[in-house]
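Reader: Can you walk me through this one? Keep it quick.
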Amino acid sequence: MTLRKLTQKNHYSLLVLFFLTVSSCQSSKQPSNSMDGFEPIFDGQSLNAWEGDPAYWRVENGTLVGEVTPSTLLKRNTFIIWRGGITEDFEFKAEYMITEDGNSGINYRSEEVAGVPFALAGYQCDIDGKNRYTGMNYEERKRTTLANTGKIVVLARVPEAGKALSENISQNQWKPAKVTGETGDIDEFKAQIKPNVWNQVHIIVQGNRMRHYVNGNLMSDVTDNDNEHRKLSGLLGVQVHVGPPMRIAYRNMMIKHL
């Protein structure tokens, strides 16, 4: 091989490394704090445009509260659903406060489950008080875990169309998911998320890419190339989860349609 060919090869390698580095930085950088174009979807005074089981959801001191008590333990997850529109390409911002034993999540591009009141199936930005799952991308009642916290993931097309979902799931993980990178120091990110105080969540969804930020840090980044199972539009709702008594509160819930 000539010196010129070696130089060209090395130049090409440096270009590839440069673009990979730029891509990684772009994936991990904090999103804008601008509120331009955002509209409130919760008025802080009523459940107008929201529908859920009143045994679990209420308005309290300007916040949307979901609570499970010893006398109202759940047999399945339940949601309060936003009826003010659908989510396609959008940004969502809110603050949340969750108890240490709490488990919740923000569903989007989701669909109602026939015959099951206040149940949603679809993408979810997970939230829990112990931060085992906070910010991960979990597909409720569908493909299960799409991206664990701290992961950049590409979802491949299912090799054999028409197979049962369960055939592509192992240990609550969607198998046709390839981890292509890390979002950052996930232990450091989790250390900044506390129970019983207000935290910020920011979801950015454009086309088949979904990014979940908590307190300004990118917690998961999913590109969904699975044409058979992905959804490009659907409902938004927030969840209280099966488990011990818990409390989740949301405020300053805003959306911007892109």
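Author: Here is a short tour, starting with the ground rules. This is a predicted model: local features need pLDDT of at least 70, side-chain atom pairs count only at pLDDT 80 or more, and totals for chains, interfaces and linings use all residues. Residues are numbered from 1 along each chain as its sequence is written, and side-chain values use heavy atoms, with hydrogens and water left out.

Reader: How many helices and strands are in the protein?
Author: Two helices and 19 strands. These are DSSP runs, numbered from the N terminus: helices are H or I with at least four residues, strands are E with at least two.

Reader: What does E9 pair with?
Author: Strand E8 (residues 120-128) pairs with E9 in the antiparallel sense over four bridges. E9 also pairs antiparallel with strand E10 (residues 144-147), over three bridges. Pairing takes at least two DSSP bridges between the strands.

Reader: And what stands opposite Tyr138?
Author: Gln124 stands opposite Tyr138. In E10, the bridge partner of Tyr138 is Thr145.

Reader: What about the turn between E9 and E10?
Author: The two strands form a hairpin with three residues between them. Arg141 in the turn has a positive phi of about 60°.

Reader: New topic. Asn168: buried or exposed?
Author: Asn168 counts as buried because its relative accessibility is 7%. The cut-offs are under 20% relative accessible area for buried, over 50% for exposed, and partly exposed in between (1.4 Å probe, protein chains only).

Reader: Where does Asn168 lie?
Author: In the loop between strand E11 (151-155) and strand E12 (169-170).
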